[in-house]
Amino acid sequence: MNTDKELTGAQIVLEALKEQEVDTIFGYPGGAVLPIYDAIFGQNFLKHVLVRAEAGAVHAAEGYARSSGEVGVLLVTSGPGATNVVTGLTDALMDSIPIVCITGQVPTHLIGTDAFQECDTTGITRPCTKYNYLVKDISKLSEIIHEAFEIARSGRPGPVLIDIPKNIQLQKTIYKSRKDINFRPHRIKSGSTEISKDFIESLVSHIKSSVKPVLYVGGGCLNSGLKASEELIKFAELTNIPVTTTLHGLGCYPGNGKLSIGMLGMHGTYEANLAMHNCDLMINVGARFDDRITGRLDAFSPNSTKFHFDIDKSSINKNVNVDFSTNTDIAHALSALNLYIESNNIEFNHNQISNWWGEIKEWQNTNCLNYEQGDEIIKPQHAIARLNELTKDRETIVTTEVGQHQMWAAQYFQFNKPNSWITSGGLGTMGFGMPAAIGAQMANPDALVIDIAGEASFLMNIQEIATAVQYKLPIKIFILNNEYMGMVRQWQELMHGSRYSESYVDALPDFVKLAESFHAVGLRAKNLSELDDTISEMKSINRPVIVDIWVDKKENVFPMIPSGAAHNEMLLSKYDKEKPENQEKGKVLV
Amino acid sequence: MSDASVYPEPSNTFKNSKRNVLSLIVDNEPGILARIVGLFSGRGYNIEALNVTVVDIKENLSRITLETIGEEKVIEQIIAHLEKLVPVHSAINLADLNESYEAEISLIKISYENNEQNNKALALADIYRTRTVSKKEGIVIYEISGTSERVNKFLDDLNGINGIKVEIVRSGPIGLGV
């Protein structure tokens, strides 16, 4: 491309995406983005995936980003196109997913006149993006797009929105290449790559004296890249410290690794939560002390010295005060830590924590994830366990919707490497999973991509099955169908006297026929004897499949730390009569 | 009344005070104030006073000075969140500096009914070394500058005069470290 040639704003968008090596964009056309769609027509480096509603585009971009480590990109029109992505942008902000969202806007001379499909996109999205732009001057367009990508992926990643008025898309100027742009450092805010020696020395000396240490690993480790995960595994093995992960941290340390004690938090394992409660040293690697993790704050891990690795300074001391912290990027921090340990021949006495491991083993013996699978009705936990078992031969990526099925997926599916688990953790967006699966399948054409879903969540973005069919994406929608908004029903049972107000999902569609009407494949398992065969059949079909698994309608997710309770007050099962006293207090929490 | 000495003795007031006056340097771009204000309202913090002005035309920078309330940890959080905003160059709490100086300017309109009231107000205005910016029958506008505390005291004293009406505009505190 002759860089001295004048291009239209729309062509500049495409040129910048090309230079950013973007090969996939999710989008939905409309009046205010037609010039960009015109530029997409007839080019061949960029594959456009036409979603069926803009919400699908943003979740697909999230799934793409999470499963590839690249920035996810989407393109939508002004007004309703932009407002429809607000939920997804908020989701990406909460879960630190790098997204660039391009929106069309009415021409600059019409801004402020309540023009057709006009809305204050930058105003609406300011609190739900890491940053956003309204482009009013064509000469700044190239620089803005490139800066948007830098901002989206640097430091704690997040969504960036660029609002481009239609007349700017049609004006002409000379394209400015990324390499000719001097980014202003205060605007990019990359994480530090240097870590203080004091922090490392303090940590090492605390580990040496600790008899009850625990590693608490979150999504920040994932965002720091595969190297972070490798260094984490190495560090854990050098020190023999038990590892618990958050919902987003699953896979950073292998679920089948010998030091893994499972997920922690509201529906975490008994051993993980008790280890957190009783530890004397907590090493937080890229987690943010979310309320789903800590339970009651004044009873959270009362006797531990806390170290916190987090690239985001505002995560330090936000919910829980810590004793030592670093804002160094985790891959660099852990790598420096491991190097320090090895080059100084520091040996950790694993015997020192053998009693601690003994205690943990005892907690593990309670077998907190136990369930009783009868002869006929499929237990949802069993459905996930079998899905896990029967897909071990394939490179599998799991996405989820939000609710009980999401927690069972986290508990009963084993994640042994990073980027194979994509879920909406912070915002908890129902309808996330299927479009996210579409994005993940676009980025990983050979992987087996499964959206573990509930029937209620699935209905929220059901239109996207048409997208999967159109692009021949063989995603699997694995519905644990209990005819309820299960998690709502569970909370109503536990905290609202079993008054199941509006949580029963009446008039459900026939999911098999529904699949067929979309030209996808529908399968169903009504009882235990059909489960394995249905999963195997699902796997063998190289097309989008909706699998309707009829599960026990009354099953609840356990263990559970009720809202407002402490880690050592968890309910182990429905047979657990020792309910915490402050149940009423918990009612006001979410 | 005196036109001289409108600026009282400077004082190093922020350090060790319980006030949190934050000083920010930001890119002067559309939406920057909305970003700052949105951060405060969205996270449940309060802005007690706010001042925004372009301070560097060449580099296109503005200085935002704002007063907020909160425990030390809350203020640390606010600063960490402010520093994360893309157009923010720096955010400091003036109270954290060893030496910083404060000023505020205020215009105060007094409407009086009789000469006794006016004389009382005049006497106070003289004590506080204000400047008279406008004087008409029944209405005087004074200008006072100095620390917020000084402005507060002047206002308290004025409010002690029975029967006058006081209308106020204040710039809010601004400050600069040494």
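1. In this predicted model, chain A contains an open sheet of six strands, ordered E3-E2-E4-E5-E7-E6, with parallel pairing. Its edges are formed by strand E3 (47–50) and E6 of chain A, each of which pairs on one side only. On average, and with direction ignored, neighbouring strands of the sheet are turned by 20° against each other.

2. Helix H3 (residues 54–68) of chain A touches E2, E3, strand E4 (72–76) and strand E5 (99–105) of chain A; the direction of H3 makes about 165° with that of E4(A). Helix H5 (residues 86–94) of chain A touches E5 and strand E7 (159–165) of chain A, and the direction of H5 makes about 145° with that of E7(A).

3. The domain assignment divides chain A into domain 1 (6–188), domain 2 (197–364) and domain 3 (380–550). A distance of 31 Å separates the C-alpha centres of domain 2 and domain 3 of chain A. Their contact draws 13 residues from domain 2 and twelve residues from domain 3. On the domain 2 side, seven of the residues are nonpolar, six are polar and none is charged.

4. Between chains, 13 residues of chain A are in contact with 16 residues of chain B. Strand E6 (131–134) and helix H9 (185–188) of chain A are the elements giving two or more residues to the chain A side. That side comprises four nonpolar, four polar and five charged residues.

Technical notes
Residues numbered from 1 in each chain as written. Chains lettered and ligands numbered in written order. Predicted model: local features only at pLDDT ≥ 70, side-chain atom pairs only at ≥ 80, totals over all residues. Contact = placed C-beta atoms within 7 Å. Helix = DSSP H or I, 4+ residues; strand = E, 2+ residues; numbered from the N terminus. Nonpolar A, V, L, I, M, F, W, Y, C, P; charged D, E, K, R; others polar. Domains from an automatic or database assignment. Pairing = 2+ DSSP bridges. Axes fitted to C-alpha atoms, helices over the stretch in contact; angles between N-to-C directions.
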